[in-house]
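Please read them with the structure open.

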Amino acid sequence: MTKRGFSLIENLISLSLLLIIFLSSLEFFGLARRLFFKLKQEEETKLCAFSALEKLKIDLLQAGLALLQPIRLGVVEGIMESDNSLMILSGEKRLHHLGNLVCGQARIFLETTEDLKKGREICFFDSSKGEVKIIDSVKRDSIVLSLPLEFSYSQGETSLLLLEKISFYLDPVKKILLRKTNSSPAQPLLEEVTLFDPDYEKSTNLARLCLTLERDKEKRYESYIFPKNIGLALGR
């Protein structure tokens with residue numbers, strides 16, 4: 001019996017089927033690869049947004065730290081917000097002044113002027129009054145205020161606090177959410193931000209944060225925070 005092999009047509013059909021299967025496999029792996037990178041990008045976007053919200057939450061929880069009496073007196077507010085911006089205030093360092101302070105005084109003698117710089121703000125307060133002043137210059141043993149004191153304060157009943165001011169604001173042109181501490185240069189916190197909408201309701205002491213990113217404008221990333229220090233000051 002003569003053994004018969006595949007004909008040319010049969011070989012061509014087999015090769016065509018293999019080619020179709022191979023091309024289909026390439027298309028499948030291409031789709032899988034695109035889907036993988038799309039899901040990876042979406043996950044990275046979520047992580048970046050949640051990371052930025054967590055940083056904002058940590059700073060908000062520090063709002064009003066060491067400022068219970070000034071907040072009760074209405075001298076300062078721990079949180080201030082407006083369109084596309086948020087400002088958080090807390091007490092960074094207690095300063096020890098020498099002698100009584102009198103109305104109209106601009107030069108304040110301190111035990112130490114370490115860590116003090118021009119442009120920083122200081123809160124003066126006692127049990128009944130207070131005010132915030134900006135440092136104009138720093139000497140070896142004293143500071144000079146940009147404006148003189150409006151009230152007089154006795155040494156034993158007065159507190160001086162160096163304030164820390166943290167600001168978050170959106171650069172709408174570059175679409176970058178920036179974080180700024182005191183007078184230092186602003187640092188980028190999150191890129192591709194199309195909306196930053198902070199809101200603080202003083203009556204309930206509830207802060208709401210809302211972000212929208214360029215990659216997914218339909219999705220909003222939100223977080224709600226109860227700043228406990230301000231809550232204590234306001235008796236919430």
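**Notes on the predicted model**

1. Start with strand β4, residues 121–125, in this predicted model. The strand is mostly covered: five of its five residues are buried. Cover comes on both faces. Glu121, Cys123 and Phe125 are buried on one side. Ile122 and Phe124 are buried on the other.

2. Which strands pair with β4? Strand β5, residues 130–138, pairs with β4 in the antiparallel sense, over five bridges. The two form a hairpin, with four residues between them. Within this pairing, Ile122 stands opposite Lys133 of β5. Strand β7, residues 159–171, also runs antiparallel to β4, and four bridges join them. Here Phe125 faces Ser159 of β7.

3. Now the charges. The structure holds twelve salt bridges. One of them joins Glu92 and Arg120, with the closest N and O atoms 2.7 Å apart. This pair links distant parts of the chain, 28 residues apart. Glu92 sits in strand β2, residues 85–95, and Arg120 in the loop between β3 (107–109) and β4. Glu92 counts as partly exposed because its relative accessibility is 40%. Arg120 is at 9%, so it counts as buried.

4. Glu150 lies in the loop between β6 (142–145) and β7, and Lys133 in strand β5, so the pair ties together parts 17 residues apart in sequence. Is Lys133 buried or exposed? Lys133 counts as buried, because its relative accessibility is 4%.

5. A further salt bridge pairs Arg208 with Asp197, at 3.1 Å from N to O. Arg208 belongs to strand β12, residues 206–213, while Asp197 is in the loop between β10 (193–196) and β11 (199–201), so parts eleven residues apart in sequence are tied together. Arg208 is buried, since its relative accessible area is 16%. Asp197 is partly exposed, at 26%. Salt bridges with shared partners also join Glu131, Lys133 and Glu150 into one network.

6. The negative one is formed by Glu42, Glu43, Asp216 and Glu218. Helix α1 (8–61) and strand β13 (216–225) are the elements that give two or more residues to this patch. Glu218 is found in β13. Its relative accessibility is 75%, so Glu218 counts as exposed.

7. The other patch is nonpolar. Ile9, Ile13, Leu17 and Ile20 form this patch on the surface. Together they have about 410 Å² of accessible area. Ile20 is in helix α1. Why does Ile20 count as exposed? The reason is its relative accessible area of 51%, because the cut-off for exposed is over 50%.

8. Last, a loop residue. Glu77 lies between α2 (68–73) and β1 (79–82). It counts as partly exposed because its relative accessibility is 40%. The C-alpha atoms of Glu77 and Leu67 are 8.8 Å apart, with the two residues ten apart along the chain.

Notes. Residues are numbered from 1 along each chain as its sequence is written. This is a predicted model: local features need pLDDT of at least 70, side-chain atom pairs count only at pLDDT 80 or more; totals for chains, interfaces and linings use all residues. Side-chain values use heavy atoms; hydrogens and water are left out. Patches are made of residues with over 30% relative accessible area and no salt bridge: like charges are joined within 9 Å, nonpolar side chains (Val, Leu, Ile, Met, Phe, Trp, Tyr) within 5 Å. Accessible areas come from the Shrake-Rupley method with a 1.4 Å probe; for residues, only the protein chains shown count as cover. A salt bridge is a side-chain nitrogen of Lys or Arg within 4 Å of a carboxyl oxygen of Asp or Glu. Lys and Arg count as positive and Asp and Glu as negative; His and the chain ends are not counted. The place of a charge is taken as NZ of Lys, CZ of Arg, CG of Asp or CD of Glu. Buried means under 20% relative accessible area, exposed over 50%, partly exposed in between (1.4 Å probe, protein chains only). Two strands pair if DSSP finds at least two bridges between them.
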